[in-house]
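Let's take a walk through the spaces and the packed parts of this protein.

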Amino acid sequence: MQPTPVTPLTALSPLDGRYARQMEPLRRDLSEYGLMRHRVRVEIGWLLRLAADSSVEGIGPFSDAAQSTLLALSEQFGEADAQRVKAIEAQTNHDVKAIEYWLKEKVAGDRELERAAEFIHFACTSEDINNIAYALMVRNAREELAGALRGLETRLVQLTHAHAALPMLARTHGQPATPTTLGKEVANFLHRLHRARARFAAVPILAKINGATGNYNAHVAAYPNVDWEGVARGFVESMGLEFNPYTIQIEPHDGLAELFDALSRMNTILIDLNRDMWGYISIGYFKQKTVEGEVGSSTMPHKVNPIDFENSEGNLGVANALLRHLSEKLPVSRWQRDLSDSTVLRNIGVAFGHSLLAYISLDRGLSRVEADPARLAEDLDANWDVLAEAVQTVMRRHGLPNPYEQLKALTRGKGGISAKALRAFIQSLDLPEGERARLLALTPASYIGKAADLARRI
């Protein structure tokens, strides 16, 4: 059987198939090519760091020309270079060693760099390179997700402010409840998302470069008088990462686990938002704008389905399943090292990809909804019994007997009470005239407390 060519139509993953175009922002960092590119950056950065340190004799300092050559290898690393690395890996059966050999190939013929070739990957275990490469990949990808999330927040701010004072019947346990406003309900999600995004952005990304079991053994054997911990810390921090001084062969991944947990928590908030929007559409509080030529059902011509919210919810679920496995698995390693984290780490891009796809779908869904004030008003006007809370609370304030019990007898399980019946009850109450007038003027649409103010100030 002939091999099937890999194209968007034959890709096993929908991220590289159906949704390939949406994944373009993550591909440069979270693909295997991205991993190689960041490995090259780390290897070259480490060599330059050693060459610049006068206490590490026999390497540098490099000339400006040599430094420019090395930096160009990192900055101009392209697909052809990645293909050559893969060819070397086919012989070595070791991906990081393939990077080292590729670099030695690239400096061959340059007398200055060729003399320093054995200092490429000096005193490093593969994980010294890998953990920093993954840290850089994740840091960049986090910024991409954060940008999409900021776009979502902007969309939610617009919805919140546009409908800050639009009254809406709330539903607790799925039943009519104390009114709110449409804007305030969106504001609740906006506040949660903003808080979760800040936590996601604040998680420090850790890295190390301390040898085969985290003790600088080879470093000290070669250069016993060098402050290797200081050199390692300086290098890691120069990459914009937080130095972890205590590790086994691998950086223990606690920082990555914290990051994935923070991302999963944020995704959970957005699952909640998707489900609420789906529900509001189903009862007519939101209408969806139609698109010329679009079909909602293969058999029912009238359908305008909330597919963007459903797509977003589904992808968030896939992302969270992966993120939770990543955060549970990665911090666990047998003794000083086992390889089970290696294949798992390669799925970070899948988890981030499904997250990004979900944000894109949710943003598109939000851009296509518009509130239906008439439908909101209809629901409010059909549920005058939600004012029972207000009436019994005012009765409590003025010391009337059994206020809760009286309103319960009047309203509970009655299938709704008319405005006329409720007002007749209010008229019968021994209340100050001003309080009675205030209650008589109250409607379900005006009984929104501070909801509008809360929505406007977010």
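## Enclosed cavities

Leu182, Glu185, Val186, Phe189, Leu273, Asp276, Met277, Tyr280 and Phe286 line the second largest cavity. A cavity here is a set of points, on a 1 Å grid over the protein atoms alone, where a 1.4 Å probe fits but cannot get out, and lining residues have an atom within 4 Å of a point. This one holds about 50 Å³ of space, where a volume is the space filled by probe spheres set on the points, with grid points joined across faces, edges and corners. Helices α8 (182–202) and α11 each give at least two residues to its lining. (Helices are DSSP runs of H or I with at least four residues, strands are runs of E with at least two, and both are numbered from the N terminus.) By class, the lining splits into 7 nonpolar, no polar and 2 charged residues; Ala, Val, Leu, Ile, Met, Phe, Trp, Tyr, Cys and Pro count as nonpolar, Asp, Glu, Lys and Arg as charged, and the others, Gly among them, as polar.

A quick word on the ground rules: this is a predicted model, so local features need pLDDT of at least 70 and side-chain atom pairs count only at pLDDT 80 or more, while totals for chains, interfaces and linings use all residues. Residues are numbered from 1 along each chain as its sequence is written, and side-chain values use heavy atoms, with hydrogens and water left out.

How many cavities of 30 Å³ or more does a search of the whole structure find? The count is 2, and the largest cavity has a volume of about 70 Å³. Its lining includes Asn131, Tyr134, Glu251 and His253. Helix α7 gives the most to that lining, with 3 residues.

## Open pockets

Now for the pockets, which are open sets of grid points with protein on both sides within 12 Å along at least five of seven lines. The largest pocket has a volume of about 520 Å³. It is lined by 19 residues, and the closest to its centre are Asp385, Ala388, Glu389, Thr411 and Arg412. Strand β2 (175–181) and helices α16 (388–397) and α17 (403–411) each supply at least two lining residues. The lining has 6 nonpolar, 8 polar and 5 charged residues.

The second largest pocket holds about 450 Å³. Leu30, Ser31, Arg346, Gly349 and Val350 are the closest to its centre, out of 19 lining residues. Helix α14 provides the largest share of this lining, 4 residues. Here the classes come to 10 nonpolar, 5 polar and 4 charged.

## Packed cores

The largest core has 114 residues, of which Phe62, Ile132, Trp228 and Phe352 touch the most other members. Its largest share, 14 residues, comes from α7.

A second, separate core of 20 residues includes Leu407, Ala419, Leu440 and Tyr447.

## One side of α18

Ala419 turns up again in helix α18 (residues 419–427), where Ala419, Leu422, Phe425 and Ile426 are buried. These four sit on the same side of α18 because they cover an arc of only 130° around the axis, taken from the directions from the helix axis to the C-beta atoms. Among the elements that cover them are α16, α17 and α19 (433–441).

Methods. Buried means under 20% relative accessible area, exposed over 50%, partly exposed in between (1.4 Å probe, protein chains only). Contact means heavy atoms within 4.5 Å. A nonpolar core is a set of buried Ala, Val, Leu, Ile, Met, Phe, Trp, Tyr and Cys residues joined through side-chain atoms within 4.5 Å.
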